[in-house]
Every structure is written in C-alpha cells, then in structure tokens.
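Reader: I am new to this structure and would like to go through it by question and answer. Please show it first.

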Amino acid sequence: MKLSRFTYIVDDYPEPTKSLVFNGRTEALIVLNHDVRELLRKLPTPTESLTEIEQQALHQLAQQGIVSPREIDENKIMEDWFHQFRYSTKQMEVMILTTYNCNFACPYCFEEGVKDKKYLHEPKADQIIEWMQQKALKNNPKEIHIIFYGGEPLLNIPIIEYIGSRMKSWSGEHGIKFFFSLVTNGSALTAKVADRLVPCGLKVAKITIDGPKEIHDKFRPFLNGKGSFDIIMENIKAVADKLQVTIGANFNSHSYPYLFQLLDYLEREGLREKIALIDFKPITDRPNQVIADVTACPTHETDPEYADQVLNIKREFMKRGFKTSEPMGTNFCEFKAGEMKSIVDTNGIIYKCPSMVGLPQFGCGTVEQELTQNVMFQNLMKMKIVDFEKQCKTCEFIPICAGGCNWMSYLRKKDYTKVYCEKKLYKKTIQDMVKLKYEQEMLRKKRKNQKTELITIS
Ligand code: SF4
Ligand code: SF4
C-alpha cells in the first residue's frame, strides 16, 4: 500500500496526538489516531509486513481513497475521473445572456466602452429553446438548469419568463427536473418580479454586493451615479422567503477592511438565516475586452496575493453562522466540460466560458448548429485537462486544480490549452483549507443535530 498522492495531512489537529486527513479526489475527511498516523509514515510498504490490525486499518483507509495499492497509477485514475466529469449527462446546464446591457456603472467593470444595447428577443429565444430541447432529447439528463445572466439579466424580464415557462412545461412533460437561477445586481429583483418568475422555475438568485453601504455604493452605482445598496437590501428582504438568495461579493485590498461591516449589517437586519450562501471573491486583473459578467464563473478564483484574506473571510462567515461554499472543490469548470455545459449569448453564439462571452473568436458556433459538429468544440474536447506528461506528472493538487483557469492561461500565455498553474497558492493554503473544511463539516453536523465527529480510525 502507498499513501495516495492526493491525500493531505494536518498533524496535531483537531487536537494534539490526532491528525486530520483529506483526499482531494474522493473528498474523504478523516481523523486519525496517533497509531494510524504512524502507520501512514511507514508507507509505502508491502501489506504482508503489517500486523492484522494494521492491515484492517489500511483497508478502511483504502476504501476512502486515503491509501491505495502500490501498483495503482493515480494519474490514470485522474484521467478517467476527468473523463467522467466531461462526458457526464446527468445534468444539463445552460447559461443564457438576456442582454449585454446594464443599469450599473461599476468602475471595475470591463464592460465599459464595449457595453451595447443588445437584447435577446423571442425569435432567437425560440432557436435557443429548440437547441436545448434537442440536446436534452439526445442526452437524456435528469435535470436542466438555466442560469440567466448579462449585463443585467433583469433588464429583459419578459424573455426570462418566456424561456423559463416554456422549458418548465417541456421538462415536466419529459420527466426532467427543471429550475433556473439569476446572476443579478439585485436592483430590479422586487417581490413583484419574484412572484412573476418563481412560477416559471426561478429558484436561486445570486446577487453581487461589494461591502457595506459606503463601499458598495462607490463600487456599484446606478448609471446616474446614485448608490444601489438600499434598494438591493430592500429587495433581498422582500424576496428571501420566496427563493434562495445567495450573495457573491467582490473585494480588493481597498474594500477588504470593511467587509465584516457588511456581515454586521446583515445580522442586524435579520438576514443571516435568509441568505442561502455567501462568498467573497477578489477582483483580479481582467483584460478590458471582457464584456459579460464574469462573476457567473462558479469556480474558485483566487489570487495568491489575496489567499490570507480569502481564508480569513471564510473563517469569519463560519464563526458568525453564515453559510458559505466549500473551501475546496475541484476547479473543473464549464470550459473543460463537454456539451452539457455551455453559454449562449443574445445572438445565439455558443461559448464555453463566461469570460470569453462577447469575443466571437472564442465562440463554438451557434444554436443553429449541433455543438458537437463545431470544430472549435471538437478541439476543446481534445484538450488535455492537465499536463500528465510533464508539468503535472507528480503534482499532488491535480484533483483540486484541474489544470486551473484556461482564460487566465490565455491572458498570461496567449494559449488557453495550457494549464494555469497555481501550485504556489495551493502549497501555501492547503493546510488551512483542510482545517476549514473540517470546521465547516462540524458546523453542518451541529446544525443538523448530528454527532459532531468524523470517522476516526484507531
Ligand atoms: S476558463 Fe476560467 S473563467 Fe472560464 S469558466 Fe473556466 S475557470 Fe471560469
Ligand atoms: S497546473 Fe500546476 S497545480 Fe495544477 S495540476 Fe498542474 S502542476 Fe499541479
């Protein structure tokens, strides 16, 4: 047996003489007693040289992926794992841009200068619906999830209502679960709008907030310069019982010191329990030609410069009882995924990454064509997720990194097929991330009144 390369160990945690282990591929999180930790130090070792008790302990750990037989090629397992992600047909997820237009004038927004008034209209929406239905008939997913974004998607409410209601009834007739989400600035998400959209399938609204009122109003004003914080908060209070509201906030070094004041505000206003999820992301450098809302990219975007802040923020969320996303998951994004995850803009052009939307050179054809027939898409499917041959061959972070962000790779190396390596960041944060994961798991169990213990192998 050998220790899996993707097992990370935190010694003397959660208490002295114990160790916490986490496997990035299986996501198993286990507390080990001192003796088992010592046993792991002996690996790799032939099983015959171990006592029966030691063999039993290793057998349990092998079931969780913490250790594996010595002959197993873990890169091959990862290759198969990525392949399964890429070609899974369980869920179909389509992001649809309802408009490139926006009613905000955020100073960091790179839509400035290229923002246009393009809206999605019914004839194109009909083609998009037909395209989605054909894809669903071909692949038989269990669930269809549409994410409307923009620009500001709620500047085009009728088209959301139109697509949502048509897809909801079609999915129902075909025994497929359906719901849709919004990535919105929240300024138009009134109770009335929620009452219109919930019956069409609206379940989740991800609203972007940039901090307490003074900070948010500076970073996210309306086009006329007026602050938007009060209106958004009124809307959140009015809709939080009708749908799941999640907050996705941006921060930079200037706004970071004020972020906790936003949490104070949410607590004071009784919103802590009503917010389904809250996450803050650093605003990283983006080129000035990006024209869609990149907060729609659901993967972790972390700059080493902000690593400590991201950890502090997550810890503070948890301390105060806010629900936040898992500190570590895989970075396997829609760009690497197959035809079941795609993005369609107002012209019916298909993209694979929210950051590339509006840049036709990155388009994978249009909804008039079957995506798998498109040459750019076919090339993307041939793209290696990580560099198993050289750079990533012995890397312990393959499951969580998944080759990093291809868009950043394009920005830095002018080649999106190359990996974007963040090994430095992972090395710096892995121990804290595993601890956070444990703390989050404990909180979750406590909330559900479950035993606040993980598997302990002794
Ligand atoms: S390539 Fe980067 S920006 Fe695009 S979807 Fe993937 S992680 Fe997000
Ligand atoms: S890109 Fe870097 S961090 Fe990611 S798997 Fe390859 S070597 Fe590891």
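Reader: How many bridges join strand 7 to strand 8?

Author: This is a predicted model. Strand 8 covers residues 177-184 and runs parallel to strand 7. One pair across these strands is phenylalanine 148, which stands opposite leucine 182 in strand 8. The number of bridges joining strand 7 to strand 8 is 6.

Reader: Is strand 7 enclosed or open to the outside, and how many of its residues are buried?

Author: A residue counts as buried if 20 or more other C-beta atoms lie within 10 Å of its own. Strand 7 has 7 residues, and it is largely enclosed by the rest of the structure because the buried ones number 5.

Reader: Which residue of strand 7 stands opposite isoleucine 96?

Author: Strand 6 and strand 7 run parallel and are joined by 7 bridges. One of the pairs is methionine 92 with isoleucine 144 in strand 7. Opposite isoleucine 96 stands phenylalanine 148.

Reader: Which residue of strand 12 is the bridge partner of glutamate 93?

Author: Strand 6 also pairs with strand 12, in the parallel sense, over 4 bridges. Strand 6 is largely enclosed by the rest of the structure, since 5 of its 7 residues are buried. In strand 12, the partner of glutamate 93 is lysine 341.

Reader: In what order do the strands of the open sheet lie?

Author: The sheet has 8 strands with mixed pairing. Strand 11 (275-282) and strand 13 (350-351) pair on one side only, so they are the edge strands by definition of the sheet's ends. The order is 11-10-9-8-7-6-12-13.

Reader: At about what angle does helix 4 run to strand 6?

Author: Helix 4 covers residues 122-139. This helix lies across strand 6 (91-97), strand 7 (143-149) and strand 12 (341-344). Its angle to strand 6 is about 170°.

Reader: Is lysine 117 buried or exposed?

Author: Lysine 117 is in the loop between strand 6 and helix 4. Its C-alpha atom is 36 Å from that of glutamate 269, which is 152 residues away along the chain. Because lysine 117 has 9 C-beta neighbours inside 10 Å, it counts as exposed.

Reader: Which residues does tyrosine 256 touch, leaving out those up to four places away in sequence?

Author: Tyrosine 256 lies in the loop between strand 10 and helix 9 (259-268). With 18 other C-beta atoms within 10 Å, tyrosine 256 is partly exposed. The residues it touches are Phe251 and Gln309.

Reader: Which residues come nearest to ligand 2?

Author: There are 14 residues around ligand 2. They divide into 9 nonpolar, 3 polar and 2 charged. Helix 12 (398-401) and helix 14 (423-447) each give two or more residues to this shell. Those that come nearest are Cys392, Cys395, Cys401, Val419 and Cys421.

Reader: What is omega for the peptide bond from leucine 43 to proline 44?

Author: Proline 44 lies in the loop between helix 1 (34-42) and helix 2 (52-63). The bond from leucine 43 to proline 44 is cis, and its omega is near 0°.

Reader: What is the phi of lysine 414?

Author: Lysine 414 is in the loop between helix 13 (406-413) and helix 14. With 8 other C-beta atoms within 10 Å, lysine 414 is exposed. Although lysine 414 is not a glycine, its phi is positive, at about 60°.

Reader: What is the radius of gyration of the chain?

Author: The chain has 14 helices and 14 strands. The globule rule gives 23 Å for 458 residues, and the chain comes close to this, so it is as compact as a globular protein of that length. Its radius of gyration is 23 Å.

Conventions: Residues numbered from 1 in each chain as written. Chains lettered and ligands numbered in written order. Predicted model: local features only at pLDDT ≥ 70, side-chain atom pairs only at ≥ 80, totals over all residues. Pairing = 2+ DSSP bridges. Contact = placed C-beta atoms within 7 Å. Axes fitted to C-alpha atoms, helices over the stretch in contact; angles between N-to-C directions. Near = placed C-beta within 6 Å. Nonpolar A, V, L, I, M, F, W, Y, C, P; charged D, E, K, R; others polar. Rg over C-alpha atoms; globule rule 2.2 N^0.38 Å. Buried ≥ 20, exposed ≤ 12 C-beta atoms within 10 Å, placed from the backbone.
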